[in-house]
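Biologist: Can you take me through this model? I'd like some local detail before the totals.

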Amino acid sequence: MGAWGTGLYSGDFAMDLRSTIRAVARLPFPADRLIDVLCNTEPGAARAADDPDHTVFWLVAADQFWKRGIGCPRLRDTALSIIDEGRDRATMAALGMRAADLRRREKVLAELRGRLVTSPPSKARPILKQPQRYLMEIGDCYAYPTSGGAPINPYFPSPDKMPDWYHDGWGVLVIIARGRAFDFLAWYRALTICTAVPQKPTTIPMDASLLWVLRRPGTVTPLHRQRMRLEKLGSVTIDPDKLHSTFPNMKPGIVHAINDISIANGMHVGPKLPARAMPPPTESRSDQVAHPTMLGLATILAG
């Protein structure tokens, strides 16, 4: 965290938490359940009083809920006790904040306290009316353009706006899992080939010696799918038992969905992704490596 920042949002943790709250607040749940969801995304900071981000978690959450018009007495009272008992000051002092900065921090918290003892503004909270629809099916296989192994960043309107991006190869991914966090926020998980190829594939690569890499979960929107220029090569049938046997420690993408972490973050392949980060399964069968791998897509297919 940014221990030297006097503002409520001076540190990276506070900024990231604000983004998380923005996503969580879209869920059509009452305030207390939203807090439970938020605590589950950052259990250490939320529940461990000795965590250096503990006071920041509750103060930022209280501020964001108030600004969004979400009344939550439990959250308000927790934040007020942190301020009134001087727990945030003690944490910051222990982290090395100077006396002058501690005084500035106290002014920030006094302003926050002044807000929290009043009713939050009356405003409509934008919420999801229905679960996000799935945009890709399990088993769908796509080719996509790369530059040195990097995909198109979907947060840019076009590759032309990306610095130093030029199309020199193709990656391939196959969707192996998907789900919804809290039955609303969609996430996906994919395998990619290990290294970009120079020519666009026209069929699903089935070479038994081809190394496939397990990627972290991510989200995708129709606009991002279009911007990344995903081209469907076809579909395969994934065998759930074979998938679990091959990657036994694979977890759902709940946190990634809540934080809206794009699937594009897991689409980098070699040479952008170094070989040491994706050792062949003959060298390591542990999911503790950066990116677990398997040889040949048939390893997880039905039949």
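**Notes on the model**

Biologist: Which side chain does the one of Arg104 join in a polar contact?

Modeller: That of Asp101, at 2.6 Å. A polar contact is a pair of N or O atoms within 3.5 Å; within protein, one must be able to donate a hydrogen and the other to accept it, and residues adjacent in sequence count only if both atoms are side-chain atoms. This is a predicted model, where local features need pLDDT of at least 70, side-chain atom pairs count only at pLDDT 80 or more, and totals for chains, interfaces and linings use all residues. Residues are numbered from 1 along each chain as its sequence is written, and side-chain values use heavy atoms, with hydrogens and water left out.

Biologist: Where is Arg104 placed?

Modeller: In helix 7, residues 99-116. Helices (H or I, at least four residues) and strands (E, at least two) are DSSP runs, numbered from the N terminus.

Biologist: Why is Arg104 called partly exposed?

Modeller: Because its relative accessible area is 45%. Buried means under 20% relative accessible area, exposed over 50%, and partly exposed in between, with a 1.4 Å probe and protein chains only.

Biologist: Moving on to helix 6. Which of its residues are buried?

Modeller: Asp88, Thr91 and Met92 are buried in helix 6, which covers residues 87-94. Seen down the helix axis, the buried residues of helix 6 fall within an arc of 95°, so they line one face. The arc is that of the directions from the helix axis to the C-beta atoms.

Biologist: Why would residues a few places apart point the same way in an α-helix?

Modeller: An α-helix has 3.6 residues a turn, so residues three or four places apart point the same way.

Biologist: What do the buried residues of helix 6 pack against?

Modeller: Helix 4 (54-67), helix 5 (73-84) and helix 7. After helix 6 comes Gly96, with a positive phi near 105°.

Biologist: Now strand 1. How many of its residues are buried?

Modeller: 8 of the 8, over residues 140-147, so strand 1 is largely enclosed by the rest of the structure. Asp140, Tyr142, Tyr144 and Thr146 point one way, while Cys141, Ala143, Pro145 and Ser147 point the other way. In a regular strand the side chains alternate between the two faces of the sheet.

Biologist: Which strand pairs with strand 1 over 6 bridges?

Modeller: Strand 3 (residues 169-181), in the antiparallel sense. Two strands pair if DSSP finds at least two bridges between them.

Biologist: Which residues other than glycine have a positive phi near 65°?

Modeller: Asp164 has a phi of about 65°, and the phi of Asp183 is near 65°. Asp164 sits in the loop between strand 2 and strand 3 and is exposed, with a relative accessible area of 74%. Asp183 lies in the loop between strand 3 and strand 4 (185-193) and is exposed too, at 59%.

Biologist: Where is the cis peptide bond that has an omega of about 5°?

Modeller: Between Gly270 and Pro271. Pro271 is in the loop between helix 10 (254-258) and strand 7 (293-295).

Biologist: Back to helix 10, then. Is His256 buried or exposed?

Modeller: Buried, with a relative accessible area of 18%. His256 is found in helix 10. Leaving aside residues up to four places away in sequence, His256 touches Arg216, Pro217, Gly218, Thr219 and Ile261, where contact means heavy atoms within 4.5 Å.

Biologist: Totals, please. How many helices and strands are there in the protein?

Modeller: 10 helices and 7 strands. Of the 303 residues, 48% are buried. The C-alpha trace spans about 65 × 40 × 40 Å along its principal axes. Among contacts between residues at least 6 apart in sequence, 75% join residues at least 24 apart.
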